[in-house]
Each structure stands twice: as C-alpha cells, then as structure tokens.
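Let's take a walk through a protein together, from its overall build down to a few single residues. Keep the structure open beside you and look for each part as it comes up.

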Amino acid sequence: MSIVVTGATGALGRLVIDELLAKVPADRVAAVVRDKEKAAGLAARGVELRVADYNDPASLDGVFRSGERVLLISGSEVGRRVPQHTAVVGAARAAGVAQLAYTGILGGPDADFQLAAEHKVTEQVILDSGLAHTFLRNGWYNENYTENLAPVIEHGAVVASAGDGRVASAARADYAAAAAAVLVSDGHLGRAYELSGDTAWSFAEYAAEVAQASGKEIVHRDVPAAAHQEILVGAGLPEAFAAILVDVDAAIERGLLAGTSGDLARLTGRPSTPIGVSVAAALA
C-alpha cells in the first residue's frame, strides 16, 4: 500500500516526503508531480514519481490506486483551487483510495476570511465524495513572515493592520510532520485537526524577536487597513493579493488565527517551533 503525496515538489510537499522517508521504506512512497526533472532528487531517493497536473483533470486519471493513502496538498493558485482540488478528489474517488488527507485552513467552516473560502468548498467536496478523509486544518507558517524579512530589516518596522491580534504559527516542517503522522498511522479517518503553534504571538512581540536576532532597532507599526493595502501595492504586490493579505490581518485581529488546540504537538509528538527560533534561523 503506497502513500501518495500530491504537490510533492512544493515547499510543504518536500518536507512531507522527508518525514515519510524517515518512517517507511521509499518503495511505499509515491509523489505526484508536474515536472519529472524538478523531482529528480525524489526519484534518486527511491520515491515513485507519477506525473499529473491539478489543471489537467485528464492527467489525473489512473494516478492513484485502490487502497492507497493520499495527501492532497492544497494548490497555490488562489482563485483556481476549487476546480483543481475537485479534479484530484474525483480521481481519488474513482480509484477507491483508502484515505484522502487534505491540507486546509485553521478554523475550517468557521473561518470567515477570503483566503479560507476555497478551503471550505474543498472540504465540502471531499465530504460529498464519500471518501474516508482526514482534514489537516493548517494555521499560519512561521515562514509566511520569516521568508520576507528583508523589507522589515531595511525599514526597521513590522507593518501590519491586525491591531493586538495574535498568531499561533508554527514552522512548515511541523505541519509536514503532522501530515506524515496521519498517513503512516491509523485512527485518523473522519477526523479534523486544528493545527497551530503552541503559543500565539503579537506583531509587537514578533518585532522584538526580529530586533533581538538582527541586532537592529525594529518597531511594530500598526496601520489602518486602507494604508496597509497601499503599502503592499506600493511594494509590488498585485492589488487583489494585497487585499487578501489585509483581510488576513483583519481575521488575525478578530482572533481567528490565535487558536492553540494542541493538535499539532500531539500529532508530531514534539513542541511546535517558536517564531523566534525561525526568525533566528532565517537571519543566521
């Protein structure tokens, strides 16, 4: 019985593969990829490559096998994910997979911000399919912030429009370990896990972590939503994507990304990675 990871060459997918290879033989792991050359490193480790594209439903025909456990890693193209995910779910149903795990968003059906909309529809598509499933409702990654530290250092400020809202983030590797755990062990069918870091932090606290790690003066500057939108567009972000990020900050202010259920640490068997550790690693 193979464990199959879609989107396996993405940032999260590669980490999930790493976790799986530490737990099961390579001949039990398969990776669904768009580009075989990009996945050559996985093949060299003994991972079976299956070529398919979320945007090409026909390419998904036969990509899964009966009885397999499948991880559907959500697509990265906001606005296109519902048809992409629906195609994968249809292929998994046609194959008769034993488990479909899906990386959704913290809060599931209760998440009311724009970025959650496609995840909520996808969860319903999976429920309607009748497949045995596991919902991995991922919170924010530390890397959502630490991979974009250059402008913070340059301007000496963490700019946000989230007020005193808090974020219970964790490292991407933590979420990958949780996904691998539900794929290699039993007892997770029909479950929805609210995955987040052990501790929620404020943007003022985040600014202090960046200051400590960089040795520079970094302040937290909270701005109105409209001003935040202007700043992001001025930095080169497309207007629609900037609006999504500003909407996320509004959700943070309402407390929607601050939940600390403990599910992540329970699945991985270890504490989540604090934001300060990820900041220090990014600036090392």
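Predicted model: local features only at pLDDT ≥ 70, side-chain atom pairs only at ≥ 80, totals over all residues.

The protein chain contains 12 helices and 11 strands. Its C-alpha trace spans about 55 × 35 × 35 Å along the principal axes. How does the radius of gyration of the chain agree with that of a compact globule? For 284 residues, such a globule would have a value near 19 Å, and the protein chain has 19 Å, so the two agree.

Of the 284 residues, 51% count as buried. The chain exposes about 12,300 Å², and carbon and sulfur atoms supply 52% of that area. Contacts also tell us how the chain folds back on itself: among those between residues at least 6 apart in sequence, 76% join residues at least 24 apart.

Next, find the sheet. It is an open sheet of 7 strands with parallel pairing, and the strands come in the order E3-E2-E1-E4-E5-E6-E9. Which strands form the edges? They are strand E3 (48-51) and strand E9 (191-195), each of which pairs on one side only. From one strand to the next, the twist averages 20°.

Let's look at one pair of neighbours. Strand E6, made of residues 133-138, pairs with E9 in the parallel sense over 5 bridges. Here Asn-138 stands opposite Leu-195 in E9. Helices pack on this sheet too. Helix H4 (residues 117-129) touches strand E5 (99-105) and E6, and its direction makes about 160° with that of E5. Helix H7 (residues 172-184) also packs on the sheet, touching strand E1 (3-6), strand E4 (69-72), E5, E6 and E9. The direction of H7 makes about 155° with that of E4.

Is Arg-137 buried or exposed? Its relative accessible area is 11%, and since a residue under 20% counts as buried, Arg-137 is buried. The side chain of Arg-137 makes a polar contact of 2.8 Å with the side chain of Glu-123. Leaving aside neighbours within four places in sequence, Arg-137 is in contact with several residues, including Gly-104, Ile-105, Tyr-193 and Leu-195.

Arg-69 counts as buried because its relative accessibility is 15%. Which side chain makes a polar contact with the side chain of Arg-69? It is that of Asp-186, at 2.4 Å. A polar atom of the Arg-69 side chain also lies 2.9 Å from the backbone oxygen of Leu-183. Not counting residues up to four places away in sequence, Arg-69 touches a set of residues, among them Met-1, Ile-3, Gln-99 and Val-184.

Our last stop is Ser-76, in the loop between E4 and helix H3 (81-95). Ser-76 has a relative accessible area of 69%, so this residue is exposed. Where does the chain bring Ser-76 in relation to Gly-7? The two are 69 residues apart in sequence, and their C-alpha atoms are 9.5 Å apart in space.

Terms used:
Residues numbered from 1 in each chain as written. Heavy atoms only, no water. Pairing = 2+ DSSP bridges. Helix = DSSP H or I, 4+ residues; strand = E, 2+ residues; numbered from the N terminus. Axes fitted to C-alpha atoms, helices over the stretch in contact; angles between N-to-C directions. Contact = heavy atoms within 4.5 Å. Rg over C-alpha atoms; globule rule 2.2 N^0.38 Å. Buried < 20%, exposed > 50% of the residue type's maximum accessible area, 1.4 Å probe, protein only. Areas by Shrake-Rupley, 256 points an atom, 1.4 Å probe, with all protein chains shown as cover. Polar contact = N/O pair within 3.5 Å; in protein donor to acceptor, adjacent residues only side chain to side chain.
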